[in-house]
Amino acid sequence: MADDGERLDLTGAVEAVERFLLQEEPRFTRDEVIEQSGVEEAVAEELWRWLGFPQADHDDVAFTRLDVDSLRQAVELVDLGVLTEDRQAALVRTWGRSFARLAEWQTTLLADVALEEGVGDPVARVAELAEEVLPRVEALQSYVWRRHLVSAAGRLLAVDSPGSPATSLAVVFVDIVGYTSRSKGLDEAGLVGWLEGFESVCTDIAVEHGGRVIKNIGDEVLLVADDPLAAAAIALRMVERGADPDDPFPEVRAGLAYGAVVSRLGDVFGPTVNIAARLTSLARPGTVLVDRGAHDALSGRPPADDADRDDQDADRDDQDGDDEDAGDAPYRFRRVRRTSVKGYSRLQPWVLRRR
């Protein structure tokens, strides 16, 4: 193991890792790649630049068959109209920069593991780890990409499609207040432990009240319940725990919406989900905001025609209201001023409180 402040030279592992990743020794120059792929030089250089690859000299033998095949596939995407000039910036942002950062982190991880073991030759160990770990990492990355692609496709393509299986659900987003500042003071293990504790408590509360967690999104949890009363109990319980200074559960805010939801492959989509997310971003720390659908369902108020409701509320758009009398409902509601958020103009929220 190297002494403090000294880092072992691991450059000897570069060739072994490179050979494993590229599946063969580099054997083509830039011109040979362009020739074999059948792509014009200007097009090839532009594609490489979009992807953030370094520009090799004409005589550098730095490429393999993978480079030939990938260049040809990139041109096919151009021919299909997927990679166009107006999408160049997005391509660099999503592929080039994202994968560059990911690769740097993974390489650092391999080197750190090899050095931490302190046994044998760390250079050889890096090469061994590459063969043992990277295929699994590649498979896992492909899986994560596919799952996120399914989720995105559901949000963008399945929602509002004719015949989509929609049902009424209460949707809740719960978001940690001050996550960024708190996370800066934690090391990696501390941050993971903190988030895992948050997610565990959220799951326990949701299950206890008859809800179910759909997914954890970093410092945020998405959950649903068939019964709006159950969803309200879940959201308020989390807010109450977050307000207790003796409870390690972090301070949170929540958004609750009720309406038609498309459920697909374990995820949920649709305007109701979007509104719940927007309400969460609007909620003050320690509060729960609900939409019109949740307000009506929880208060027992018969749904009104949107136009009629707009006429009734028009003179109160720019001011907060007093607590409403909700009859026998176990909750109180305070109407707050309408606001415009991404995708929704004049969104009407209410603050939810226990009676």
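Guide: Start with a nonpolar surface patch of about 510 Å². Five side chains make the patch: Trp-95, Phe-99, Leu-102, Trp-105 and Leu-109. Keep in mind that this is a predicted model. Phe-99 itself sits in helix α5, which spans residues 88-117.

Now leave the surface for the helix packing. Two packed helices are described by the angle between their axes and the distance between the axes. Take α2 (residues 30-37) and α4 (residues 65-79). Their axes lie 9 Å apart, at an angle of about 50 degrees. On the α2 side, Val-33, Gln-36 and Ser-37 make the contact. On the α4 side, Arg-65, Asp-67, Val-68, Leu-71 and Arg-72 do.

Arg-30 forms a salt bridge with Glu-41. The closest N and O atoms are 3.9 Å apart, and the cut-off is 4 Å, so the pair counts. Arg-30 belongs to α2, while Glu-41 belongs to α3 (residues 41-51). The two residues are 11 apart and link distant parts of the chain. The count of salt bridges comes to 9.

Helix α8 (residues 188-208) packs against helix α9 (residues 228-243). The angle is about 140 degrees, and the axes are 9 Å apart. Roughly antiparallel needs over 145 degrees, so α8 is oblique to α9. Here too, the crossing is right-handed. From α8, the contact draws on Val-201, Cys-202, Ile-205 and Ala-206. From α9, Ile-234, Arg-237, Met-238 and Arg-241 take part.

Methods:
Residues are numbered from 1 along each chain as its sequence is written. This is a predicted model: local features need pLDDT of at least 70, side-chain atom pairs count only at pLDDT 80 or more; totals for chains, interfaces and linings use all residues. Side-chain values use heavy atoms; hydrogens and water are left out. Patches are made of residues with over 30% relative accessible area and no salt bridge: like charges are joined within 9 Å, nonpolar side chains (Val, Leu, Ile, Met, Phe, Trp, Tyr) within 5 Å. Accessible areas come from the Shrake-Rupley method with a 1.4 Å probe; for residues, only the protein chains shown count as cover. Helices (H or I, at least four residues) and strands (E, at least two) are DSSP runs, numbered from the N terminus. Axes are lines fitted to C-alpha atoms, for helices over the stretch in contact, and angles run from 0 to 180 degrees between N-to-C directions. Contact means heavy atoms within 4.5 Å. Angles under 35 degrees count as roughly parallel, over 145 as roughly antiparallel, 65 to 115 as roughly perpendicular and the rest as oblique. A crossing is left-handed if the near helix is turned anticlockwise from the far one by less than a right angle, and right-handed if clockwise.
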